[in-house]
Amino acid sequence: MTVKNKAEILAPAGGFEALKAAVQSGADAVYFGGKTLNARRTAENFDDDQILEAVRYCHSYGRKAYVTLNTLMRDGELGDVLNLTRIACKAGADALIVQDLGLARAVASVAQGLTLHASTQMSVHTEAGLKLLADLGFKRVVLPRELSKEEIEKFVALNLLETEVFVHGALCMSFSGQCYMSAVFGSRSGNRGLCAGPCRLPFAANGAGTGYDLSLKDLSLVSKLRELEAMGVNSFKIEGRLKRPEYVATAVTACREALAGRSTEKLEKDLKAVFSRSGFTDGYYNNNLGKNMFGTRQKEDVVATAGVLPKLTPPKEKEKAALAVNFDFFAREGRPIKLKASSSGLSVSLESDFLPEIARNVATDEDRVRAQLKKCGDYGFYAEQINADLSGGLNIPLSVINELRRRALEELKNKLQAQRELDFCEKCLPKTKAYRPSAGHRFVARFGSLDRVPEDLLYIKEIILPYDIKPEAWDAFFAKGLEPIAELPRLIFREEALRERLKKLKARGLKKVFAGTLDGLAIAKDEGFEPIMGIGSNIFNSRAVEAYDDLGAKEVLLSFELTLAQGSKLEGALPRGVVAYGRLPLMITRNCPIANATDCKSCSGKGFLRDRKGVDFPVMCSYGYSTVYNSRPLYLADKYDSFKNFDFSILYFTDENKEESLEIIKAYLEKKAPTGEFTRGLGFRSVD
């Protein structure tokens, strides 16, 4: 594919006023979502008719319209997905932005002409992952916000997909698609578009820190746009579907001016005033992580916003419509008036019921006709040529001309829209395969480090360990008759080094890897391993199970955001399991929060975050990122009867010592009731 040199400015729209503000401020494209299944479900959003009108509005000004379907889908929501896909096809949307592989699989089967963009929620950031997305038919990838300039440049240079980069707006602490904090705390899932933002609450690193050690400043790379455009980035994305139209207009204007080399101190001041959290950061881009990236919404930020908003009224229809229309007007005494409207190779011809007569007083002349026909902005057209042929001295009421113009433009708009419509074939949706669970349910033990593995694993035969433990350790497990499985990092920043280690593991006889993302799956397959999809792969529906089956996964771990009952009903032939025990990973972040309390040289790679209630959440660092774990472990040993239609359960050990791990294994084999602090997680509590 050929990478375009001119990058688009892509603006958010949480409602119609924000969409208009984006277009009228000069955005090249706008993204917005329906009432369900989008990552900003608490925004105003768009119903079916509004989606049609929004896409038409964008197209009438020559702008692109991307519709978001970027959340995880339940099986019971397939009808909503198909309906929104049908609407997107009817509207002629320029792309759908999606996260869920199962959802993407369904959309691709019913709307083959609809372009798919891979959401940043897919967490793809390796060469292998980008190749896989391209093979799956995606045309664009929305890169993670956490990448450095050099990493962005590398992925753009691969020329595998169009690249979309966030350049302004809120920064999540966690890698997108890898945060479960809001779901675990209050059943409001970020993967379902309802994140409650608990990371913005007080969390103190190691009990000290800054007090808000999970809250990052907002991102702004507006000053870097020309640099990014020179790299070949295709789209500059502004975050903010929950923000006001004034915010959208200001951000788009700032981007437009920056690209033109006209950045001003006033624009930068307005950008900060309209919304910021203690200012902005470009820390990830410049590979300058640390305490300076953290910030909260301060009183002075709120005051600044209140002061600047009245001065930032979004522009009203200052942009010229993109569609030129030509009119041919013909009128003679006693005969119907004829009006022909032509645009983009299409035309409509109408006649009036009104029959003109000779005027008794003031006659209608050609200039009056032209003046009325020029008034076509409400329909997304501008009059380019107007030919008016009428007899002198006729009386033609303005209302007749206006009605002919209105009808002609409406019909012409519908004809042009019909040209944009994409084929939608609901009967092309394949049925899912039936699921048949294996005869016996088995336990698989996962350990965060080698020194925490008990000598005796009782009846457990499969063990998951970090891929980079000492090589001879793998031999010892084989000697005990166990099947060791290598766990890959969920975030992979050193792809070549990982591949080299996997080659060595394969030579030692390892066959399976535990992968949390598409990146890990792609690398594992390349190196000849059997992938088991783990935490982070967000397998939430039957079609996602089948999508991973098609990609070569051998087993899948279902999302722990599903209840056990929901998970037990999923179809698809692939064997599946659930997390039955362990501290659930709440988020993974590239900017370590513990570094706000200590330097990395003095840190053992382990710390904790203390919330406002005095509860501690362990943090463990490895492979260039930090994982924040829940304060108490998931415990379901006494709920074994609920483990229906699953092939295996994972005992997910993190900071337990050998003795504690062995006691847990015994408890699960004996179905014992819990002791001490524990949680049932989301096994019996559905997320919104």
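Serine 278 is partly exposed, at a relative accessible area of 30%, and it makes a handy way into this predicted model. Its phi is positive, about 60°, even though serine 278 is not a glycine. You'll find serine 278 in the loop between α10 (265–274) and β11 (280–281).

**Backbone**
- Most residues other than glycine have a negative phi.
- Look for lysine 671 in the segment after α19.
- With 43% relative accessibility, lysine 671 is partly exposed.

**Nonpolar cores**
- The largest nonpolar core has 191 residues, and within it Phe32 and Tyr548 touch the most other members.
- Leaving aside residues up to four places away in sequence, tyrosine 548 touches Leu101, Leu518, Leu521, Met533, Ser537, Ile539, Ala553, Val556 and Leu574.
- Another core of 27 residues lies apart from the largest one, and its members include Ile386, Leu390, Leu404 and Ala408.

**Helix α4**
- Helix α4 (residues 101–110) is largely enclosed by the rest of the structure, because eight of its 10 residues are buried.
- The buried ones are Leu101, Gly102, Leu103, Ala104, Ala106, Val107, Ser109 and Val110.
- What do they pack against? Their neighbours are the strands β3 (64–69), β4 (95–98) and β5 (116–118), plus the helices α3 (78–91), α16 (518–526) and α17 (542–550).
- Where α4 starts, a side-chain oxygen of aspartate 100 comes within 2.7 Å of the backbone nitrogen of glycine 102.

**Surface patch**
- Leu458, Tyr459 and Leu669 make up a nonpolar patch on the surface, and together they have about 310 Å² of accessible area.
- Leucine 669 sits in helix α19 (residues 658–670).
- The relative accessible area of leucine 669 is 34%, so this residue is partly exposed.

**Salt bridges**
- Searching the whole structure turns up 39 salt bridges.
- Arginine 256 pairs with aspartate 28, and their closest N and O atoms are 3.1 Å apart. This bridge links distant parts of the chain, 228 residues apart: arginine 256 belongs to helix α9 (residues 245–259), while aspartate 28 is in the loop between α1 (16–24) and β2 (29–33).
- Are these two partners buried or exposed? Arginine 256 is partly exposed at 24% relative accessible area, whereas aspartate 28 counts as buried because its 19% falls under the 20% cut-off.
- Lysine 149 and glutamate 227 form another bridge, at 3.6 Å from N to O. Here, too, distant parts of the chain are linked, with lysine 149 in helix α6 (residues 149–158) and glutamate 227 in helix α8 (residues 225–231), 78 residues apart.
- In that pair, lysine 149 is partly exposed at 26% relative accessibility, and glutamate 227 is partly exposed at 32%.
- Arginine 244 and glutamate 246 meet through their side chains at 3.3 Å, N to O. Glutamate 246 is buried, with a relative accessible area of 13%, while arginine 244 is partly exposed at 47%.
- Elsewhere, salt bridges with shared partners connect Glu8, Arg140, Glu162, Glu164 and Lys237 in one network.

Note on methods:
Residues are numbered from 1 along each chain as its sequence is written. This is a predicted model: local features need pLDDT of at least 70, side-chain atom pairs count only at pLDDT 80 or more; totals for chains, interfaces and linings use all residues. Side-chain values use heavy atoms; hydrogens and water are left out. A nonpolar core is a set of buried Ala, Val, Leu, Ile, Met, Phe, Trp, Tyr and Cys residues joined through side-chain atoms within 4.5 Å. Buried means under 20% relative accessible area, exposed over 50%, partly exposed in between (1.4 Å probe, protein chains only). Contact means heavy atoms within 4.5 Å. Patches are made of residues with over 30% relative accessible area and no salt bridge: like charges are joined within 9 Å, nonpolar side chains (Val, Leu, Ile, Met, Phe, Trp, Tyr) within 5 Å. Accessible areas come from the Shrake-Rupley method with a 1.4 Å probe; for residues, only the protein chains shown count as cover. A salt bridge is a side-chain nitrogen of Lys or Arg within 4 Å of a carboxyl oxygen of Asp or Glu. Helices (H or I, at least four residues) and strands (E, at least two) are DSSP runs, numbered from the N terminus. A polar contact is a pair of N or O atoms within 3.5 Å; within protein, one must be able to donate a hydrogen and the other to accept it, and residues adjacent in sequence count only if both atoms are side-chain atoms.
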